[in-house]
Amino acid sequence: MKEERKLIASIYLPEDIPSDFGLPELAIAGRSNVGKSSFINAILGQKIAKVSSTPGKTRSLNFYCIDDKFILVDLPGYGYAEVSLAERKRWAKLVEAYVRGRKAIQAFLQIIDIRHIPMESDLKLFSWIKSLGYDVAFIFTKVDKIGRSSIKAQIEKAKLFFPITKGNYVLFSAVTGEGKREAWNLINSLI
Ligand SMILES: Nc1nc2c(ncn2[C@@H]2O[C@H](COP(=O)(O)OP(=O)(O)O)[C@@H](O)[C@H]2O)c(=O)[nH]1
Ligand SMILES: [Mg+2]
């Protein structure tokens, strides 16, 4: 089968959110600058999502269609004080409008920076997703930034705050490509 990944919608307003595409959706969520776009680019092997060193760049809900099989949905990042309150409220409304009763969503992938556990905003995001009734799996990213023993310690810490099990998380680096295959296995198990 021909591999085809494309951005099919970039949405800024709740009223513009498309009804589902008849395909399962996987929502990618996490703090601004945590590496959501880099994760998407790394697993797809192409620069499809904009990566920026300026936090709060993804202001839209971006729908990526993967091989006509499922849709990855990159949610706007949150938790950046640099972004105005008005803008944060606008994002919250947009994301709420998307997730409420969206039957196509199979699960969430929550992206967490392995170096910063726990962050209040990550805990809030997790409980919000659970309150909506969705399953969550975890991508601990930027593992290239710390050593092996620190990674182990951070995962042990994460277990105190998130329901981490053997099969529901991946150690990931967009820089080295570590965890790509595992991320795909995880995605396939979720959709
Ligand atoms: N070292 C390292 N840097 C990363 C990794 N993932 C993302 N980054 C960097 O973190 C910054 C934010 O990444 P981005 O993907 O735009 O985050 P987003 O706001 O969550 O979409 C950029 O400067 C990326 O180059 C990673 O796995 N390792
Ligand atoms: Mg992004």
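This note covers the sheet of the model and the helices beside it.

1. The model is predicted: local features need pLDDT of at least 70, side-chain atom pairs count only at pLDDT 80 or more, and totals for chains, interfaces and linings use all residues. Residues are numbered from 1 along each chain as its sequence is written, chains are lettered from A and ligands numbered from 1 in the order written, and side-chain values use heavy atoms, without hydrogens and water.

2. Seven strands form an open sheet in the order β1-β3-β4-β2-β5-β6-β7, with mixed pairing. Strands (E, at least two residues) and helices (H or I, at least four) are DSSP runs, numbered from the N terminus. Pairing takes at least two DSSP bridges between two strands.

3. β5 (residues 105-113) and β6 (residues 136-141) run parallel over 6 bridges. Ile112 has Phe140 in β6 as its bridge partner.

4. Helix α3 (residues 120-132) packs on the sheet and touches β2 (25-30), β5 and β6. Contact here is heavy atoms within 4.5 Å. The direction of α3 makes about 170° with that of β5. Such angles run from 0 to 180 degrees between N-to-C directions, with axes fitted to C-alpha atoms, for helices over the stretch in contact.

5. Which residues of α4 are buried? They are Ile151, Gln154, Ile155 and Ala158. They fall within an arc of 105° seen down the axis of α4, so they line one face of the helix. The arc is taken from the directions from helix axis to C-beta atoms. These buried residues pack against β6 and β7.

6. Ser149, Lys152 and Leu160 are exposed on the other side of α4. Buried is under 20% relative accessible area, exposed over 50%, partly exposed in between (1.4 Å probe, protein chains only).
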